[in-house]
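User: I'd like a close look at one part of this model, with the backbone details spelled out. Start wherever you like, then carry on through the neighbouring pieces.

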Amino acid sequence: MIPSAFDYIRADSAEAAIAALTEHGDEAKLLAGGHSLVPLMKLRLASPSVIIDIGRLSDLSYVRDEGDHIAIGAMTRHRDVEHSEMLAAQVPILAHAASHVGDPQVRNRGTIGGSLAHGDGASDLPAVILALGGKLIVQGPGGTRSISASEFFQGFLETALEPDELLTEIQVTKVPNAGWSYQKFNRRAMDWAIVGAAVVHGAGHTGIGLVNMSTIPVRATAVEEALAGGASIADASALADVGTEPSSDLHGSSDYRRHLAKVLVRRGLEAC
Amino acid sequence: MTEVNISVNGAHTSAEVAPRTLLVHYLREELGLTGTHVGCDTSNCGACTVHLDGQAVKSCTVLAVQADGFAVTTIEGLQPAEGMDYHPVQQGFHECHGLQCGYCTPGMVMACVALLDENPHPTEVEIRTSLEGNLCRCTGYQMIVDSVLWAAEHAPAK
Amino acid sequence: MWQAAHQRGKRMSLVGAAVKRKEDPNLLVGRGRFVDDIKLPGALFMTFVRSTEAHARILSIDTNEATAMPGVVAIYTIDDFADLPTIPGLPPEVAPLHRPVLAKGTVRFVGDPVAVVVAEDRYQAADAAEAVLVDYDPLPVLPSIDTSLAAMADPEGTRIYPDLQTNALPIFPEEPPAPELLNAPMRLAQTFINNRCSAVPIEPLAVIADWAPSGLTVHATFQAPHHLRNQLTLFFGIPQHECRVIAPDVGGGFGSKICFYPEFFLAPAISRKLGRPVKAAQTRTEAMLHMHHGRAQRNDVEVGFDATGKVHALRVHTYQDVGSYPDPTGMGLGVLTSWMSCGVYAIPVAQTALTNVITNTTPVAAYRGAGRPEASFLIERTMDMIADELGLDPAAVRYTNFIQADQFPYPAATNPEAVFYDSGNYPAALDELKRMMGYDALLAEQTARNADPSQPLMGIGLSCWLEIAGFGPNGSLEGFGHLGSWESAQIRIQPDGTAIVSAGTSPHGQGNATAFAQIAGDAMGIDFDAIHVRFGDTETQQQGIGTMGSRAIAVCGDAIKKASVQIRERAVQIAAHMLEAAPEDIEVSADGFAVRGTPAVTKSWADVATAAFQPLQLPEGMGAGTLDATVFNEVPNFSFPSGAYGCIVGIDRVTGDVNIERYVVVDDCGTVINPLLAEGQVHGGVAQGISQALYEHFTYDENGQPQTSTLVDYLVPAASDLPSYESGRIVTPTPVNSLGAKGIGESGAVGAPPAVVNAVVDALSGFGVRHMDMPCTPEKVWHAMGQPTGSN
């Protein structure tokens, strides 16, 4: 219930945050909305000795039409992603998936950047960004770089972010005419997905991201390739678990997860 | 120690706090506003719900330093509506038996107030969905839903 | 609204009216006063260092680093409390089971308190507790009934209490099967597991002890403050008048706040040692490990019946997992299950056996229903299995076996000497349920839906359940360690005509202050608003038993009615004297006292109450202070609420997800004091029952490590996860108290689970599924359906 003690730094700019990260390295964690980090700290599963609070970097909260893509600032709260009219029109699956994150109070604080940087394969948004083939813009002492979603998630709670880097923006292609569906299977509405499937299919875009089917979010590439090769939805979705390593835990065995992945991908595709 | 300045229920408050101080503990221990309760340690139960910068948040998952410079409203800060003893949501809970032991109630009420602020006439399904982050062990929820419907119907028009 | 009726000259009865609660105002505005809200000057905070092993010898406890940390005042182990007795409750015959206030040499469950850290605040205490290093020598772990009994088969097998030489405590021994069972035309056998649950009151356990030279004051979130005070005085060897226990606002209990926890004794001991108040307030994770669990029972059932569905004989062996430190209530749960195993049915021969089993888990004790949900589950599942076996309608099998309305008082076949059902009309409850459900139409709908592969599978489940409540007749609660089974109430009228009612029960959400004022108001004739009801403080009420076993209305409400009648009689005598009329000509209302025929001549309650303190105004034979009545109410029997619940589920044919489409309840609690409060109790109990059937399960792995110790993994549902409830009622008043009220607090939890499971099994009957243990998770259902891939 009580986090361990830490030193507190409040960053008033992205550069200041990066400078603090550079100085403190592995000992520091960034605090955005805090709804991935603070729960871990309260259970003392994470005990960083330095916290760099970027919560006031309101410059990083935006949803902008950049022509061929939509740019979302990393500090944009889930709630604002959920209610963005621009996203509802251009990238509806993202707005919809944001409405499934946690509960309303969590969505008022948690940020899309915080969720993606946390890198939990059981979270909703990483799979959606994968399905959309998004890009993550990252700023460090040496400048800015762009990382594709497919390279961003590297391991359990591990991303391509270097210890001195700050995720500043997420870029997603506009897909206003593509069919989409976010299928989340859980026990209670507030729970993480036992398995989830983010499906975008149509108007030249096909991307399927799976939630909680491996330690990292993964694309159902076998399904995507089968569809591209003309397979039926039923046949393609039967390949949903190919290349995944779902765990067996309290909430589902790996067999049941494999089964759910196929069902949710199929239902997602049928809804597109 | 870090200095925080937080407006709570319209009053300016200031203190030196350890940065790890949770907002709920700042409210309860530093300010003595014990209406906001703690019911879990994994951000599930919502008994700690307050309004931060006008939005419902779980104050157990917010550090006091994150609230520095912002305004917080707790259960103690709700104002009665004209013609009522309480805020319409509180009145609804009284009319419809939306509380039993009362421990989840402050957080539940604050979540319901936020719901009606955004959606003045929610359906039953919308109410239940909005309360997915607030646990009650006593009521089985139906009378809480009734309470919100009552408040929606009887609240003075804005 | 009743005030308006009064002003029109009519007197509306309070009893039976949906009066709004007196309890609400403080609670609504955040001015409730729960234990952790109370700040005493100079108070210290204590927290436990808890075992991370399920069964181990303690080799060493190193507190050096922790003791030096900021704010730490002291760190204690059991050696520092060598002068303290063990936690009270169990009889001397089981001395090895008496629990020390901290683990002594051996830890027996994950979470077992090993040391206690005392610091200036909870943040510092948490840091220091983490820094205490405990070295364990692990022992074999017995985390379940099965492993614990299996160890018994081996003479060298692990005994959790070596001095006891057994892990199994036979309470009612097994007898050979009765001839009526062996000779029955048909027989079924089934094992029913009743899944371990945790009460999860939203307020975790908390206590503040303040031991000053004048005595000990304890604030505890507890359901029985007098019980705690009485035991504290015995424990510490101090007189009763030097100990005060207060249960302020209590954030739910559901039975988990009746048992004695170590901190109730340690906080006072430490306060006495250090000369400062000491507070203990658990986190949720601590509460999940430390607060006693519920259910955790296995029932091996055999039933003999014939082709008409009539039951000839029932045989049940109940195995109760009592956990690692058996609690007196926990030891008695299975007794109640045994008594109630026949439910609402006229079963000629019933044989019950009970074995309590010690395991390396959190102790098990009362949780809403406390032994009766387990009984209703086994008998209601059995009735459905009989129906399934015979291809009969489950409702028809129930009608064939019901005890009839003219058969009361009905001696329970399980214990005909001591258990007599008071009243009921079980067929009428099922009739009403079927009417509300539209039962016949549902059967037709089910046939159509289940034949259509695009529709979820539909299941219909019934539960015709019986409860034992209104604890209880003399001797019943003494067996659980309480002072008595009565309940006390005192009513005093103040000179201004207002009434102070002090009750011995200790509510935690039930709305007793409101219901008791309704009872008192009707019986005395005093205004509802002029009655103040108080509880929960040993200073203001001489003795009480507490709130448990759905007894508050039945036993305490009855006491209040009796005391009210006494007050009214005396008040009428005084008024008659003042008005120079005969007592039989006096009419009483909230306005006061009038002589029949001359309504203009009145005396107010204030007039009469003032006169009660002025002997010159009183009739011969009455003295000052006469409007003061105390009743210690003994009831002749338990009461037996009953009802019929119906559940309709839709099951996803591919994922196994279970959705409750409708939940219909018919309750018979006898006289209803306040329908709003009664319905609220049903909703809450039904929610917990549905949750046990679909969501909740406290589990351990093979090493006794708990897997569900937070609300992330222990699935307490929210509003979006539960259905709405359609409520109905029938009324068969009980003869055991003057109100006719049976109690209703635990009924929902008793009746709800079987309806859900019966519905799930009904939906899956096409797959040859005969039974499913709770919780009926989607994955379990998917397996039961043969793991359909949905690819057709």
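Analyst: Val8(B) sits opposite Ala11(B), a residue of E2(B). This is a predicted model, so local features need pLDDT of at least 70 and side-chain atom pairs count only at pLDDT 80 or more, while totals for chains, interfaces and linings use all residues. Residues are numbered from 1 along each chain as its sequence is written, and chains are lettered from A and ligands numbered from 1 in the order in which they are written.

Strand E1 (residues 2-8) and strand E2 (residues 11-17) of chain B run antiparallel and are joined by 7 bridges. Strands (E, at least two residues) and helices (H or I, at least four) are DSSP runs numbered from the N terminus, and two strands pair if DSSP finds at least two bridges between them. The hairpin has 2 residues between the strands, and there Asn9(B) takes a positive phi near 55°. E1(B) also pairs with strand E5 (residues 71-73) of chain B, in the parallel sense, over 2 bridges. In that pairing Ser7(B) is opposite Ala71(B) of E5(B).

Chain B also touches chain C: 41 residues from chain B and 42 residues from chain C make the contact. Here, contact means that C-beta atoms, placed from the backbone, lie within 7 Å. On the chain C side, H18(C) gives the largest share, 7 residues. Helix H2 (24-28), helix H9 (284-290) and helix H18 (675-694) of chain C each supply at least two residues to that side. By class, the chain C side divides into 19 nonpolar, 15 polar and 8 charged residues. Nonpolar covers Ala, Val, Leu, Ile, Met, Phe, Trp, Tyr, Cys and Pro, charged covers Asp, Glu, Lys and Arg, and the others, Gly among them, are polar.

Now for chain C itself, and a pair of helices. Helix H15 (residues 512-524) and helix H16 (residues 552-579) of chain C pack at about 35°, with axes 8 Å apart. The axes are lines fitted to C-alpha atoms, for helices over the stretch in contact, and angles run from 0 to 180 degrees between N-to-C directions. On the H15(C) side the contact includes Phe516(C), Ile519(C) and Ala523(C), and on the H16(C) side the residues include Ile560(C), Lys561(C) and Arg568(C). That contact has 11 nonpolar, 3 polar and 2 charged residues.

H15(C) is mostly covered, with 13 of its 13 residues buried. Buried means 20 or more other C-beta atoms within 10 Å of a residue's own, exposed means 12 or fewer, and partly exposed is in between, with C-beta atoms placed from the backbone. The length of H15(C) checks out too: at 1.5 Å a residue its 13 residues should span 18 Å, and its end C-alpha atoms are 17 Å apart, which agrees. The expected span is 1.5 Å times one less than the number of residues. Just after H15(C), Gly525(C) takes a positive phi of about 95°.

H16(C) has a sheet to go with it. This helix lies across E24, E25 and E26 of chain C, at about 125° to E24(C). The sheet is open, with 3 strands in the order E24-E25-E26 and antiparallel pairing. Strand E24 (586-589) and strand E26 (598-603) of chain C are at the edges with a single partner strand each, so one side of each has no neighbour in the sheet. The twist averages 35° from one strand to the next. Strand E25 (residues 592-595) of chain C and E26(C) run antiparallel, joined by 3 bridges, and Val595(C) faces Thr598(C) of E26(C).

Ser550(C) has a positive phi of about 45° although it is not a glycine, and it is in the loop between strand E23 (531-534) and H16 of chain C. Ser550(C) counts as buried, with 31 C-beta neighbours inside 10 Å. Arg295(C) is not a glycine either, yet has a positive phi of about 65°. Arg295(C) is buried, with 29 other C-beta atoms within 10 Å. The peptide bond from Phe408(C) to Pro409(C) is cis, with omega near -5°, and a cis peptide bond also joins Met774(C) and Pro775(C), with omega about -10°.

Methods:
Two residues are in contact if their C-beta atoms, placed from the backbone, lie within 7 Å.
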